[in-house]
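Subject: Structure for you to look at

Dear colleague,

I am passing on a structure that I would like you to open beside this message. Please look through it once, and then read on for what was found in it.

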Amino acid sequence: MTQAAQLTVAEPFLIQQNWEAYTPEQHSVWAELVRRRMPQLAEHACAEYLEGFHIIGLREDTIPNLAEVNRRLAPRTRWNATPVSGFLPPDAFFEMLAARKFPTTTYLRGRDSLEYTPEPDIFHDVFGHVPMHAYPVFADFLEHYGRVCAALTDKDKLERMGRLFWFTVEFGVIRQGGEIKLYGSGLISSHGEAMHVIDGPKTGAGPEIRDFNLDQVLDQQFLVSEMQKVLYAVESFEQIYEAAKQAEEKLG
Ligand SMILES: [Fe+2]
């Protein structure tokens, strides 16, 4: 079955990745981005992220070819990194998550914006997000999250579910071996955001790290444009899968 046959509202946003069109300069920007992040992540990313990075075959020297990533990822968890044209409206985004297709941009930021890009790009989407999709419990959580949101129409409920996404998929942390480890893509892909968390105990200026609590998360406001003031630490990824199911009961 083709992607278009499975997706309806997201279908107009699907594109092909023209991997051959990336220039040597773009591959070199990718390499620099990966080189800047890996020393910190080797120490502070969660084990599942680091395993996923190798499972899906990400490399330091070249921008990932999504077809090759999917050849490794799909047999493992039935997820795909699916190329899209840019930001998706919520209904298209949730439709894709529910179908285990992660909307992935193919554009790469330029050398002048290594630390931050306002537009989504392949570094945030693939380096930041996709390794976690190789981990079965996270894979199941993300599909379930998409299904719950795809069935909601109430704006307030969708905003509350947006907070669950923010404090897990984007800015999630987990306790492993007595330490706080990163798994959210906003932390994985940003040196500054990650340092803010890692150095927090030393500087006293880091975010408050609370135990994950679904009711608190659903009510927790956040600002996209600032360093995060509060994060929620889980003990296991089963906890966020359970949270998505509980959210469905509360809001569905
Ligand atoms: Fe993201």
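Helix H8 (residues 155–170) and helix H13 (residues 238–251) pack at an angle of about 175 degrees, and their axes are 11 Å apart. Axes here are lines fitted to C-alpha atoms, for helices over the stretch in contact, and angles run from 0 to 180 degrees between N-to-C directions. H8 and H13 are therefore roughly antiparallel to each other, given that angles under 35 degrees count as roughly parallel, over 145 as roughly antiparallel, 65 to 115 as roughly perpendicular and the rest as oblique. Helices (H or I, at least four residues) and strands (E, at least two) are DSSP runs, numbered from the N terminus.

Before going further, please keep in mind that this is a predicted model, in which local features need pLDDT of at least 70 and side-chain atom pairs count only at pLDDT 80 or more, while totals for chains, interfaces and linings use all residues. Residues are numbered from 1 along each chain as its sequence is written.

From H8, the residues Lys157, Arg160, Met161, Leu164 and Thr168 meet Ile240, Ala243, Ala247 and Leu251 of H13, where two residues are in contact if their C-beta atoms, placed from the backbone, lie within 7 Å. Sorted by class, this contact of H8 with H13 has six nonpolar, one polar and two charged residues. In this sorting, Ala, Val, Leu, Ile, Met, Phe, Trp, Tyr, Cys and Pro count as nonpolar, Asp, Glu, Lys and Arg as charged, and the others, Gly among them, as polar.

H8 also packs with H7, and the axes of H7 and H8 come within 11 Å and cross at roughly 165 degrees. H7 and H8 are therefore roughly antiparallel to each other, and H7 passes H8 in a left-handed crossing, which is the name used if the near helix is turned anticlockwise from the far one by less than a right angle, with right-handed used if clockwise. Leu142, Tyr145, Val148 and Cys149 of H7 make this contact with Leu158, Met161, Phe165 and Val169 of H8. By class, the residues of the contact of H7 with H8 are eight nonpolar, no polar and no charged.

On H7 (residues 136–150) there is a further contact, with helix H5 (residues 90–98), and here the axes come within 7 Å and cross at roughly 140 degrees. H5 and H7 are therefore oblique to each other, and their crossing is left-handed. Phe94, Glu95, Leu97 and Ala98 of H5 meet several residues of H7, including Leu142, Tyr145 and Cys149. The contact of H5 with H7 has seven nonpolar, one polar and three charged residues.

Now to the strands. Four of them form an open sheet in the order E4-E3-E6-E5, with mixed pairing, and two strands pair if DSSP finds at least two bridges between them. Strand E4 (179–182) and E5 stand at the edges, each with a single partner strand, so one side of each is left without a neighbour in the sheet. Neighbouring strands of this sheet are turned by 40 degrees against each other on average, direction ignored.

Strand E3 (residues 173–176) pairs with E4 in the antiparallel sense over four bridges, and Arg175 stands opposite Ile180 in E4. The hairpin of E3 and E4 has two residues between the strands, and in it Gly177 takes a positive phi near 60 degrees. E3 is also joined to E6 by two bridges, and these strands run parallel, with Ile174 opposite Val234 in E6.

Strand E5 (residues 208–211) and strand E6 (residues 230–234) run parallel and are joined by four bridges. Glu208 has Val230 as its bridge partner in E6, Ile209 stands opposite Leu231, and the partner of Arg210 is Tyr232.
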